Amino acid sequence: MNLKTISIARMKLALFIALGLPAFWLFWQWAMLLAGQSNGLGVNPVEATNRFLGDTALRVLLITLAITPMRDITRMAALTQLRRMAGLFAFFYVCLHLSSYLGLDLFFSLAKLWKDVLKRTYITLGMSAFALLLPLALTSTNAARRRLGPKHWTRLHWLIYPATMLAVTHHFFMAKGFQIMPVIHASLLLFLLGWRVVKWMRAYSAQNGKKMSNSS
Ligand code: HEM
């Protein structure tokens, strides 16, 4: 099957199912746990839930950032239309991650959350990432895009880069001792950012070359 012949509607449906699966899996594990059946949450279901949601949130953020390089490689402009859904899924998992921490770990105590933000570097970093993602989710609608105008909207949505950097650093700071996953996440992010830097540099030098040849 030629990738280019798959309609964007089908791709959206496939992405929706793929990105929804982790939530479904977690929901199922909790249902099994509450029913007293064997499940995949281990001996500490609260910690397992929070970590699973954190990992999923970060991976979906990286998937969102991978859509542009995938579009460049496949030359399928339609892939751009998947970015919003992927970004919203990332935010959905970040919200679940924050809620599971606030609800299951801190028993909804905002005072304790605030204390953690001030005391624990990795929570400060996580909350900062959340704060940067919030305006992106709030302005993800077509109406918000129209209201802001494409230039301001695009500029605002650049926040996804510092937000993902903060999220990766959050993972580094929470990991005790050497762990491979934060290194893998950071390497993927470096690759995705590097891709863009090379692209922008090429576009910049091509533009400068054009200006020089026009003026000579
Ligand atoms: C963009 C936002 C965020 C992302 C992508 C993210 C991602 C992650 C990741 C990847 C982990 C490690 C999971 C593992 O070890 O397998 C983690 C752990 C954790 N995160 Fe986040 N996080 C974010 C925001 C937050 C926020 C806002 C909070 C709470 C205020 C938070 C609290 C925690 C906690 C408590 C842990 C587990 C620490 C432990 O078990 O020792 N995160 N997060």
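The model is predicted; local features need pLDDT of at least 70 and side-chain atom pairs pLDDT 80 or more, whereas totals for chains, interfaces and linings use all residues. Residues are numbered from 1 along each chain as its sequence is written, and side-chain values use heavy atoms, without hydrogens and water.

The chain holds 9 helices and 0 strands. Helices (H or I, at least four residues) and strands (E, at least two) are DSSP runs, numbered from the N terminus. The order of elements from the N terminus is α-α-α-α-α-α-α-α-α. Along the principal axes, the C-alpha atoms fill a box of roughly 75 × 45 × 40 Å.

Two packed helices are described by the angle between their axes and the distance between the axes. Axes are lines fitted to C-alpha atoms, for helices over the stretch in contact, and angles between N-to-C directions run from 0 to 180 degrees. Helix α1 (residues 8–34) packs on α3 at about 15°, with the axes 10 Å apart. The two are therefore roughly parallel (under 35 degrees; over 145 is roughly antiparallel, 65 to 115 roughly perpendicular, the rest oblique). Their crossing is right-handed: the near helix is turned clockwise from the far one by less than a right angle, and anticlockwise in a left-handed crossing. In this contact (heavy atoms within 4.5 Å), α1 contributes K12, L15, F16, L19, G20, P22, A23 and W30. From α3 come M85, A86, F89, F92, Y93 and L104. The contact comprises 12 nonpolar residues, 1 polar and 1 charged. Ala, Val, Leu, Ile, Met, Phe, Trp, Tyr, Cys and Pro count as nonpolar, Asp, Glu, Lys and Arg as charged, and the others, Gly among them, as polar.

Helix α3 (residues 83–105) also meets helix α5 (residues 121–138), the axes coming within 10 Å and crossing at roughly 140°. This pair is therefore oblique, and the crossing is left-handed. L88, F91, V94, C95, L98 and Y101 of α3 touch I123, M127, F130, L133, L134 and A137 of α5. These residues are 12 nonpolar, no polar and no charged.

Helix α4 (residues 110–119) crosses α5 at roughly 105°, and their axes come within 5 Å. α4 is therefore roughly perpendicular to α5. L113, D116, V117 and K119 of α4 face T121, I123, T124 and M127 of α5. The division here is 4 nonpolar, 2 polar and 2 charged.

The iron atom of the ligand has H97 (NE2) and H170 (NE2) as protein donors, 2.0 Å away. Donors are N, O and S atoms within 2.8 Å of the metal (3.2 Å for Na, K and Ca); water is not among the atoms, so sites may look incomplete. H97 belongs to α3 and H170 to helix α8 (residues 160–174), so the pair ties together parts 73 residues apart in sequence.
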